[in-house]
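This briefing sets out the fold, the pairing of the chains, the nonpolar core and selected surface features of the structure shown below.

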Number of protein chains: 2
Amino acid sequence: MKQLLSAFFILLLAASPSQATDKKVYGTASLMVVVEREKGSVAVFDSIEHELLGRVEGLGNLRHATMVFSRDARYAFVIARDGVVSKVDLLGMEVEARAKAAENSIGIAISRDNKYIMVCNYEPGGVTILDSGTLKIVKEIPAVMKEFPDGTKLRSRTVGPLDTPDNLMIFGLMEGNAVWVVDMKQEGFPVIKKFEEVGDTPYDQFITPDGRYYLVGLLNSDWMGLLDTWKLDAVKKIDVRERRPAIKTGNEKVSVYHIPHLESWGVANGLAFVPAFGEKRIIVYDMDNWSVVKSIPVAGTPLFVVVRPGGREVWVDNVGAPGSAEERTVDVISVETLSVKKSIDAGKGALDPQFTPKGEAVYISVREEDKVAVYDTDTYKLLKEFPAHKPSGIFSSDRASKFGL
Amino acid sequence: MKQLLSAFFILLLAASPSQATDKKVYGTASLMVVVEREKGSVAVFDSIEHELLGRVEGLGNLRHATMVFSRDARYAFVIARDGVVSKVDLLGMEVEARAKAAENSIGIAISRDNKYIMVCNYEPGGVTILDSGTLKIVKEIPAVMKEFPDGTKLRSRTVGPLDTPDNLMIFGLMEGNAVWVVDMKQEGFPVIKKFEEVGDTPYDQFITPDGRYYLVGLLNSDWMGLLDTWKLDAVKKIDVRERRPAIKTGNEKVSVYHIPHLESWGVANGLAFVPAFGEKRIIVYDMDNWSVVKSIPVAGTPLFVVVRPGGREVWVDNVGAPGSAEERTVDVISVETLSVKKSIDAGKGALDPQFTPKGEAVYISVREEDKVAVYDTDTYKLLKEFPAHKPSGIFSSDRASKFGL
């Protein structure tokens, strides 16, 4: 009986109502998930009250890690650099499933119907498709760009992928100089289109917010590629040579600290804002005819080019030499005047501005100061700071309903 | 001891893990909330698995009821025709707060910062602002359009409101023939602009998906009003007389079964799709210059004009005489050909097509058959049906991050 009694009290303790109510109940449509790169963890914030909700650890090497959300934004699917996909439960704050997709991975997307995850891999070059429920691998598509007579296959690194409203997945082949399209609706996930010779080394891409146009950036070509996903007829060349004279005159070619794979070019007011790779400027294109409207100087090499919801401003972080002013500066471009209206000294290694869903606040990782800063976007004033361990990418869960994010 | 033992078993029962896990845990970013008009209830669905999650009752007279979501999509704020606002907890499936905003209300919006709710009222004519946490009324703005020497005030019915990226609220004065703008950022919520004589009887409005342009429909004028919310300079007249000849030739003027207050005009591919009030057609405008591109005949009087995510189709429900084919038909317009590509006989009183966030499925209320139907949008095939009591408006919780919805 004494045993029974003590069991009773243990049970009382375990079932105590105070413990039950301690657990915060929350909706998932406006979470902010911050990658803590070195620790292999993510920190999850409520972006209404700006409160830390919890942390999930043990996600692997999160250098260049990125993530997508399940449709209901309950789960984040995080791809680590070592090819490990983690399905993170943002309510339970734990890893619900984990799988090794490849040896070295770079990008991730979720299919329109929420059923599958696609991962782009450097090694072995190709893509891996996983079931979003179990993370079981259901298909591997090698990015074979050349097959030799002896059967040896040369595989390309891939970059992307992006999902479309027609339930396609699109990705680039870096060495293959190609863009491939996979139909996620069809049995066996066939590659339905292979666009060859699109240009030299696809490295970054973007889908317009309406989901129709796919754009691919090319490291060593004088153009960008444009694919109309309604037609899927050709990757057209958008000439970007207009910006060359500016580069030569200003001698602005700068060191590239890393290659962006960001899918974060901006579209606002019928204009596309594209970071000029290896230059200290943003190129603004008129999306009707893809002419260059303006080339806007910014503090450093732009990395993330993020449109504030409502389209009235574009926020840009900058990469620069360690310790430079450049790497502390976040530039705010006015879409009306197409010039920098405000430069914020956000701290050492400030990067990846990410807006709340309606844009009244923005989260910024200040990597070298081990903190996440939240700014009021009307006043540009600091609202709050949180300690975070080498924070990098920040992802708002309203991406769950957006194509290509 | 016997008492203690029995308490122990009661406790065991209450704390039983099976009961704890019975309660479904879910994210809130892709819920589908269906108004059951006559019963004063809402039915809540998971739009990934297409499962009924629960019902919340006791919300009042839900004729023409509409709702908005809190930023995290945990709450739906439902405005009943009798002026009662209910804050519905979509996780707990209960009413968390309730307030009487007016005697007769028509529309609702939530401010950009998630802090306030605005309700438009027929009686007394004006708007009411409530705290979104407590539903405490914080401000009433009478829509006074005329003040007589003896102090008597003539008030107008209001319609709207819509929220903007600059944290404004915009609404129309039906008898006042005016559009007013309230600044939700400023202390006391001042009316910062009053645009007078915009046209005869504003009845419906819309904000473009980018959040920049506000459009107002006018019952008895030959134009629509257009306001650039970046400039707030003037409500410009967009001439709609081009459609008159078509009306006269075809003698298409039909009975109006009710006045829409829907905020659901469609924008896709640079075109605006607007229901022609009291006609059996959709007018397509080029948004660059607001010329009429085409007038597309549909089965009946169009009510909801809803763009499928990705912008490749526009789905239209139709109002018609009770028992007519018109009121059973949902027309699917191709944005590429600007013609009806598919007509679905969705049942008696089919209305309010509402897409899942990425558009692979659509929910339709079939009011006179007491059911909600879910269609696959690739095949136009029925996926599932649910019993529902006189369902009307359907609201997807991804509206939480959209302006004007």
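**Overview of the predicted model**

In chain A, buried residues account for 60% of the 405 residues. The structure is a predicted model, and the points below are grouped by topic.

**Fold and surface of chain A**

- Chain A contains 3 helices and 34 strands.
- Among the contacts in chain A with a separation of 6 or more, 42% are between residues 24 or more positions apart.
- Chain A has an accessible surface of about 15,500 Å², and carbon and sulfur atoms contribute 50% of that area.

**Relation between the two chains**

**Nonpolar core**

- In soluble globular proteins, nonpolar side chains tend to be buried together.
- The largest nonpolar core here holds 48 residues.
- The members of this core that touch the most other members are A:Met67, A:Phe69 and A:Leu90, together with B:Met67, B:Phe69 and B:Leu90.
- When neighbours within four places in sequence are left aside, the contacts of A:Met67 include A:Val33, A:Val35 and A:Val42. A:Met67 is also in contact with A:Ala76, A:Phe77, A:Val78, A:Ile108 and A:Phe395.

- A:Phe304 is located in strand β26 of chain A, which covers residues 301-307.
- A:Phe304 counts as buried because its relative accessibility is 13%, and the cut-off for buried is under 20%.
- A:Phe304 and A:Val316 are separated by 12 residues in sequence, and their C-alpha atoms are 5.7 Å apart in space.
- A:Phe148 occupies the loop between β12 (144-147) and β13 (153-155) of chain A.
- With a relative accessible area of 33%, A:Phe148 is partly exposed.
- A:Phe148 forms a nonpolar patch on the surface with A:Met145 and A:Leu154, and the three residues together have about 230 Å² of accessible area.

Methods: Residues are numbered from 1 along each chain as its sequence is written. Chains are lettered from A and ligands numbered from 1 in the order in which they are written. This is a predicted model: local features need pLDDT of at least 70, side-chain atom pairs count only at pLDDT 80 or more; totals for chains, interfaces and linings use all residues. Side-chain values use heavy atoms; hydrogens and water are left out. Patches are made of residues with over 30% relative accessible area and no salt bridge: like charges are joined within 9 Å, nonpolar side chains (Val, Leu, Ile, Met, Phe, Trp, Tyr) within 5 Å. Accessible areas come from the Shrake-Rupley method with a 1.4 Å probe; for residues, only the protein chains shown count as cover. A salt bridge is a side-chain nitrogen of Lys or Arg within 4 Å of a carboxyl oxygen of Asp or Glu. Helices (H or I, at least four residues) and strands (E, at least two) are DSSP runs, numbered from the N terminus. Buried means under 20% relative accessible area, exposed over 50%, partly exposed in between (1.4 Å probe, protein chains only). Contact means heavy atoms within 4.5 Å. A nonpolar core is a set of buried Ala, Val, Leu, Ile, Met, Phe, Trp, Tyr and Cys residues joined through side-chain atoms within 4.5 Å.
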